[in-house]
Amino acid sequence: EKGGYQHFMAKEIMEQPKAVRDTISPRIQNGKIVLDNITLTAEQIKSFSKIYIVACGSAYHVGVVAKYVLEKFTRIPVEVDVASEFRYRQPILDDKVLVLVISQSGETADTLAALREAKHLGARTLSIVNVVGSSIANDSDDVIYTWAGPEIAVATTKAYSTQLAVVYLLAIYFADKLGVLSAEEYADYVAKLQALPDKISEALENKEQIQYLASQFFNVKDVFFIGRNLDYAMSLEGSLKLKEISYIHSDAYAAGELKHGTISLVEDGTLVIALATQDALFDKMISNVKEVKARGAVVLGLTTEHNKKIEQVADYALYVPEFCEMMQPSLAVIPLQLFAYYVASMKGCDIDKPRNLAKSVTVE
Ligand code: M6R
């Protein structure tokens with residue numbers, strides 16, 4: 001049932017191109033994004049003054065990506081919160097607010113409670129869910145399913161990637177309904193969406209190098225992931241993947257925040273994984289890499305293929321294919337998942353069932 005792989009996580013990592021294709025393809029018809037079962041009208045989309053995104057764990061990290069992507073495409077302010085915080089902070093909601101809920105299982109207790117609270121307060125609700133007929137899917141005004149198929153490993157990979165794909169679909173769909181994209185821009189983004197599964201396959205080809213890097217670092221005690229904007233969102237996910245399956249302490253920081261405290265933790269040999277896939281912020285990231293290098297850090301830089309300049313400052317360089325910047329997270333996450341997987345495997349951890357964790361958290 002593991003299809004020849006040693007762990008479900010490895011199988012699910014490799015299934016990502018297919019899962020993303022299954023999620024995107026049925027929603028593109030004759031060059032248009034079709035979200036058939038969505039009852040939201042263009043008028044309602046235009047009326048939204050705010051979008052809240054609510055989720056837990058990795059689904060929350062998708063929400064952090066979605067904040068950047070939705071704001072860029074719609075110019076509607078977006079706030080993202082973990083469900084266990086949102087539900088107890090008396091959120092300010094009405095029918096001009098869209099609450100977007102993200103959950104693989106559709107059964108996470110805090111996320112479900114946050115959704116119910118949002119409905120109770122009169123917000124419009126939309127959920128991104130993987131399990132058909134789950135509680136969150138049933139209770140939302142609208143649902144967009146991710147077609148990742150069953151995910152067995154506790155650490156999410158393919159569900160995460162399909163959630164990102166739905167976020168892009170939704171952002172472009174909303175932008176179109178808001179009338180903010182030219183016909184050319186729209187066609188271009190739709191073409192990018194269609195090309196995404198193949199780009200993910202390309203990113204997966206780099207396994208050996210990541211395995212080698214894992215062999216260099218699987219004994220470290222602490223890891224810091226740093227990035228800006230979308231790369232900060234990816235740092236959060238890379239850090240969570242690593243800690244949940246390898247039990248290595250790690251944290252993610254917005255790179256510009258380092259000098260406000262965290263940099264005091266960097267000493268000789270500290271591993272810093274620096275994400276720099278956003279061209280507009282590349283030089284800022286180079287400065288941050290120099291800052292941590294000056295304090296003795298060993299830096300693994302992750303960027304896109306044309307940014308070879310990373311090699312002048314980082315100790316190791318990892319490249320992902322060049323792609324549409326907004327969708328770059330779908331490629332950047334691949335080496336982060338593989339790195340966590342190989343490190344955990346070299347440490348002999350129980351990868352599919354890490355200690356203390358459950359696949360679906362149905363209690364508070
Ligand atoms: O089923 P959900 O997407 O609602 O689950 C949310 C989190 O529990 C989940 O993403 C968790 O963080 C994963 N183990 C991360 O790999």
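Analyst: Helices (H or I, at least four residues) and strands (E, at least two) are DSSP runs, numbered from the N terminus. This is a predicted model, in which local features need pLDDT of at least 70 and side-chain atom pairs count only at pLDDT 80 or more, while totals for chains, interfaces and linings use all residues. Residues are numbered from 1 along each chain as its sequence is written, and side-chain values use heavy atoms, leaving out hydrogens and water.

Let's start at the ligand.

Now for the polar contacts (N or O pairs within 3.5 Å). On Thr156, a backbone N or O atom lies 2.9 Å from an oxygen atom of the ligand. Lys241 takes part through its side chain, where an N or O atom is 3.1 Å from a ligand oxygen. For Glu244, a polar side-chain atom lies 2.3 Å from an oxygen atom of the ligand. The protein buries 90% of the 410 Å² that the ligand exposes when taken alone (Shrake-Rupley areas, 1.4 Å probe).

Let's follow H4 onward. Arg75 sits in the loop between H4 and strand S4 (78-82). The phi of Arg75 is near 60°, a positive value in a residue other than glycine. That is worth a look because most residues other than glycine have a negative phi. Arg75 counts as exposed because its relative accessible area is 68% (exposed means over 50%, buried under 20%, partly exposed in between, with a 1.4 Å probe and protein chains only).

Asn30 also has a positive phi, near 50°. Its place is the loop between strand S1 (28-29) and strand S2 (32-33), and Asn30 is exposed, with a relative accessible area of 81%.

For a contrast, turn to Leu170 in helix H8 (residues 158-178). With a relative accessible area of 3%, Leu170 is buried. Between Leu170 and Ile53 there are 117 residues in sequence and 13 Å in space, C-alpha to C-alpha.

Methods. A polar contact is a pair of N or O atoms within 3.5 Å; within protein, one must be able to donate a hydrogen and the other to accept it, and residues adjacent in sequence count only if both atoms are side-chain atoms.
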